[in-house]
Amino acid sequence: MGELDAVIHQPVRLKIMAALKALPPNEQLEFVRLRKIADATEGNLGAHIQTLEQAGYVAVEKDFADNRPRTRVKLTKQGRRAFEDYVAYLRDIIAPGP
Amino acid sequence: MEPTVISPLKAADALKQAAAAEKRSAQAYRYQRFAPYLFLWGVIWVIGYGGSDLRPRIAGWLWLGLVVVALAASILIARAFADGRADARIRWRTAAFFVAVWAFFAATYAVMHPTTALQQGAFPPLVVAFAYAVLGLWTGPRLIIAGVALAALTLGGFFYLPQHFLLWEGFVGGGALILAGLWFRRV
């Protein structure tokens, strides 16, 4: 049994990772949608995304769409693996394997 | 630094939160994918049914032109979602879908012989409504609501407003699809 991933183990970051994991690989989620799914304020979400980005779990892309600034976030390969490990770790706590 | 240890109860709670966020995100993603098609067909219906009511003589040609436009627009939408990947596959799959739908209605009309323009006009929306409702069982409740609303509006117009059914279907049915498309874009 490994260790608990402290980067993911925080309610907002957990929701961000789970929301991105639900998308097909390389698919991005807009900041605005992510904010609603994670039920977080703009500043709070931005700070947590930065933490995840620094850990290499998410990639952030900023551009313009319809003359408006747009921020999109996607899960990296490393992030996908880390989330899967995190979920496996939690499942192991609930029902330890042999 | 000591590793963080959590209880089975807290672990279960974290998994529950993750599952809820995953479900919401996946559902929003599917809705977002569906929205432009609803919007497109809403506009097609407004023009097609509205035009058929106002100019019944050219209704056949009007629908033919609209189907070609819908096919081209559907390919563009699919390409936009695919980020430019697998272009040929998208074109063939979309075209094959249109041919399958056309074949279905041609075969059904050949077998059932609808006798009035009213019956011909009411059948496609009812099939579409049924398809939405069934797809909604996997996609999410919004599609079920859209399907039920479309069926109800179609049947309402068919039975209570037969003299203006095509106009009704165009503006109320098509309008409902456009509104559903806008609704689907919201998380």
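Visitor: How do you know that strand 2 of chain A and strand 3 of chain A pair, and in which sense?
Guide: Pairing asks for at least two bridges found by DSSP. Strand 2 and strand 3 of chain A have 8 bridges, in the antiparallel sense, so by that rule they pair. Across them, Val60(A) stands opposite Val73(A). Bear in mind that this is a predicted model, where local features need pLDDT of at least 70, side-chain atom pairs count only at pLDDT 80 or more, and totals for chains, interfaces and linings use all residues. Residues are numbered from 1 along each chain as its sequence is written, while chains are lettered from A and ligands numbered from 1 in the order in which they are written.

Visitor: Which strand does strand 1 of chain A pair with?
Guide: Strand 3 of chain A, antiparallel again, over 2 bridges. Glu30(A) there stands opposite Arg72(A).

Visitor: What makes residues 77–94 of chain A a helix, and how does its span compare with the expected one?
Guide: Helices are DSSP runs of H or I with at least four residues, strands are E runs of at least two, and both are numbered from the N terminus. Helix 4 of chain A has 18 residues and reaches 26 Å from first C-alpha to last, close to the 26 Å expected (1.5 Å times one less than the number of residues).

Visitor: Why are the buried residues of helix 4 of chain A said to line one face?
Guide: Seen down the axis, they fall within an arc of 135°, so they line one face; the arc is that of the directions from the axis to the C-beta atoms. Among them are Phe83(A), Tyr86(A) and Leu90(A). Buried takes 20 or more other C-beta atoms within 10 Å of a residue's own, exposed 12 or fewer, partly exposed in between, with C-beta atoms placed from the backbone. The opposite face carries the exposed Lys77(A), Arg81(A), Glu84(A) and Ala88(A). Cover for the buried side includes helix 1 of chain B.

Visitor: How many residues of chain B are in contact with chain A?
Guide: 18, against 20 residues of chain A; contact means C-beta atoms, placed from the backbone, within 7 Å.

Methods. Contact = placed C-beta atoms within 7 Å.
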